[in-house]
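Hi everyone, thanks for making time for this. I'd like to walk you through one model today, starting with confidence and ending with a few individual residues.

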Amino acid sequence: MVVAQEKIEWQEPLTQKSNERNPRRTRKGGKFAKVKSIFGLALIVGLTGAIGATTIQLTVVQGAEVRTLENEISTIKARKDLLQMEADKLRAVGRIESAALAMGMEKPAGIVYVAGTMPTLKNQKVAPSTQAATQPIEVKLTALQQFSKIFTSFFASTQR
């Protein structure tokens, strides 16, 4: 087997030729780009810090407001309970009886009947006040009035 060899001689050094093919780009204003990137980074960090500080400040302030409102609510509930106890004490039958006796009223003995007239509808004529007139008068209600009565009694029972 015969192999031919060829001898290549370079007139210019090889290193110089590779530099010509891929010349290094020289950046103009390289320092300015560095300052610009540092300034951008500082701006982003500053904005993030400002937003974080504002959020923390608002959280602390609103937390303090919530605590003061909770304290006010508990104070108002305590005052409401005291007023309810006082109202119950004033409504007590024993206190009313003792106040009535102190004003000179006398406690009745036995059963007491109070005479009075029954409320009447506007369409009915008032009957003379007799024993028969004090009997309850049954008024026939219309369907709408019956429905209204049932409706209101239902909602009144749910409010208890």
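Helix α1, residues 14-21, has the lowest mean pLDDT of the elements in the protein chain, at 52, while α2 has the highest, at 92. This is a predicted model, of course, so please keep those two values in mind as we go. For the protein chain as a whole, the mean pLDDT is 77, and 64% of the residues reach 70 or more.

Now the overall layout. What pattern does the protein chain follow along the sequence? Reading along, you get α-α-α-α, with four helices and zero strands.

Of the 160 residues in the protein chain, buried ones make up 1%. The accessible surface is about 16500 Å², and carbon and sulfur atoms account for 62% of that.

The opening stop is Thr68, which sits in helix α2, residues 30-91. Is Thr68 buried or partly exposed? With a relative accessible area of 43%, Thr68 counts as partly exposed. A polar atom of the Thr68 side chain lies 2.7 Å from the backbone oxygen of Glu65.

Next comes Arg95, in helix α3, which covers residues 93-102. Its relative accessible area is 36%, so Arg95 is partly exposed too. Which residues does Arg95 touch, if we leave out those up to four places away in sequence? The answer is Lys89 and Leu90.

Why do we call Leu144 exposed? Because its relative accessible area is 66%, and the cut-off for exposed is over 50%.

Conventions: Residues are numbered from 1 along each chain as its sequence is written. This is a predicted model: local features need pLDDT of at least 70, side-chain atom pairs count only at pLDDT 80 or more; totals for chains, interfaces and linings use all residues. Side-chain values use heavy atoms; hydrogens and water are left out. Buried means under 20% relative accessible area, exposed over 50%, partly exposed in between (1.4 Å probe, protein chains only). Accessible areas come from the Shrake-Rupley method with a 1.4 Å probe; for residues, only the protein chains shown count as cover. A polar contact is a pair of N or O atoms within 3.5 Å; within protein, one must be able to donate a hydrogen and the other to accept it, and residues adjacent in sequence count only if both atoms are side-chain atoms. pLDDT is the predictor's confidence in each residue, from 0 to 100. Contact means heavy atoms within 4.5 Å.
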